[in-house]
Amino acid sequence: MATAQQAGDTPKHHEATQSEKLVIAASSLGTVFEWYDFYLYGLLATIISAQFFSGVNETTGFIFALAAFAAGFAVRPFGAIVFGRIGDLVGRKNTFLVTMGLMGLSTFLVGLLPSYASIGVAAPVILVLLRLLQGLALGGEYGGAATYVAEHAPNHKRGLYTSFIQTTATLGLFAALLVVIGVRYALGEEAFASWGWRVPFLISIVLLAVSMWIRMQLNESPVFKRMKEEGTTSKAPLTEAFGKWPNLKLVIIALLGAVAGQAVVWYTGQFYALFFLEKMMKVDGATTNILIAVALALGTPFFIFFGWLSDRIGRKPIILTGCVLAALTYFPLFHALSRAANPALYAAQASAPVSVIADPADCSVQFDPVGRNKFDARSCDIVKSYLAKAGISYANVDAPPGSLAQLKIGDTLIPWVDPNAIAGPQRAEAIKAFQASGTAALKAVGYPDKADPNAINKPLVIAILFILVLYVTMVYGPIAALLVELFPARIRYTSMSLPYHIGNGWFGGFLPTTAFAMVAATGDIYYGLWYPIAVCVVTVVVGLLFLPETRTRNIDA
């Protein structure tokens, strides 16, 4: 057995010593570019909401913008199936060249897309279609890059080598942040919100050309070439990967016992935190981007560290420890983030909490998928819609059936008149008067309109964001090596891609949308954290019971 393994290792190691730097650099650079493309949308969700979803109320528009962001994640498993199959049939290299081209073109077209004001409902429809195309492309990209690098790596350094691929998502986000920050400062906020947001999308065409040229210098994976020469490649990778229970069971274990938890930790630390600061804490977009960028710069080397560490102590303990820490500390960390980012708002929420006293039957969920509910027909909806738009956290207090809703701010009670008693212009004026009373009462007890830049404890905010990113590096650094090692070479691209993209596309990609919908439904700005915490708990339980340790496996067969 040792002789066979050594024979299998020799040509791979010889080739790795000749081209390992090119393999890692080219694979990583191309994947950085794809993540740059994909994350631009997430960074600009607030602006995109105004540009493409202005036909609905503000709260629904923002959730719609996040849903369009998530749409790209929704189709990633389908991209994994399509391109994973191609990768196992025809090779790793050519497959991820195709996915890169699709990603780059769709991103460039987002920068050219007219707004809702110009072409109406066609604008968000086309935007979602482009996001779907991006998602399909990304669904085929990651598995190819991770498999390609792993199949070039020495067996005892797979965690280290593939950890460079794991840095690409953060580096792509970091690159997108730097470009957005630079364009924002160069043009000013007004011009950036009007048209300057398109520039980061448009310049991606240059990055596409450079990345494509570099990747075309690569050779095919040595493991795939050997299988091709020996005639041992799979003829039906989908059937082998998902039609046979032993492999399908591994796919399910990989998803629930590793990737799902990894995904929600990742998106909480890098995206939900960003949206939370900007939307809930009212920190301006430019400052938010800088704070996140600094935390990412500090945290990124730890992807490499935990990849290296996983070669020594195993993939499983590092990933599951990251999930445990996240589940235990998210609530205190986000409370601390609130206090550091907007101390005036945090103090006001503590000294003068807001509550809505209403008949539960009089209240709707503050999310309207079709944009027809203006939330002005019921007293409870009028009160909650005002608070949701203002980004104010509140508690729900049940009132007797049939009673009108009341807004309580500290000790001040602001009643609402019966909307059924007035109509037309009078109702609109009454709503404005109520909102003015609410705004005055909020200001009187210290609720700020936005975060004071001089009051933000920037070192503490960065420290908290760094901890969140550190959790990301723990769960994400070793995940590629673990997934590559779980599955046989002949169906590896297909098998590893599906659980990865279901986890990151569905569990992770829908996290911002789901979490903010939960916040809108309850009024509690921290309530959305229950989603990632619950998923982390499931991953820890399944992972401890069923996930095997893989670091000593030989992946040549």
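I take helices (H or I, at least four residues) and strands (E, at least two) as DSSP runs, numbered from the N terminus. The model is predicted: local features need pLDDT of at least 70, side-chain atom pairs count only at pLDDT 80 or more, and totals for chains, interfaces and linings use all residues. I number residues from 1 along each chain as its sequence is written, and side-chain values use heavy atoms, with hydrogens and water left out.

**Entry 1, overall.** I looked up the secondary structure and found 25 helices and 4 strands in the protein. Of its 557 residues, 58% count as buried (under 20% relative accessible area; exposed is over 50%, partly exposed in between; 1.4 Å probe, protein chains only). I then looked at contacts (heavy atoms within 4.5 Å). Among those with a separation of 6 or more, 85% are between residues 24 or more positions apart.

The areas come from the Shrake-Rupley method with a 1.4 Å probe; for residues, only the protein chains shown count as cover. I noted a nonpolar patch of about 510 Å², made by Val537, Val541, Leu544, Leu545 and Phe546. Patch residues have over 30% relative accessible area and no salt bridge; like charges are joined within 9 Å, nonpolar side chains (Val, Leu, Ile, Met, Phe, Trp, Tyr) within 5 Å. A salt bridge is a side-chain nitrogen of Lys or Arg within 4 Å of a carboxyl oxygen of Asp or Glu. Phe546 lies in helix 25, residues 530-546.

I searched the whole structure and got 20 aromatic pairs. Rings of Phe, Tyr and Trp (its six-membered ring) pair if their centres lie within 6.5 Å; planes under 30 degrees apart are stacked, over 60 edge-to-face, the rest tilted. Phe302 and Phe305 form an edge-to-face pair, at 6.3 Å centre to centre and 75° between the planes. They sit 3 residues apart in helix 16 (residues 301-313), so about one helical turn separates them. Phe302 is partly exposed at 29% relative accessible area, and Phe305 is partly exposed at 36%.

I next checked Phe303 and Tyr476: their ring centres are 6.1 Å apart and their planes at 80°, so this pair is edge-to-face. It links distant parts of the chain, with Phe303 in helix 16 and Tyr476 in helix 21 (residues 458-476), 173 residues apart. Phe303 is buried at 0% relative accessibility, and Tyr476 is buried at 0%.

I followed the ring pairs and found Phe303 and Tyr476 in a cluster with Trp266, Tyr267, Phe271, Phe275 and Tyr500.
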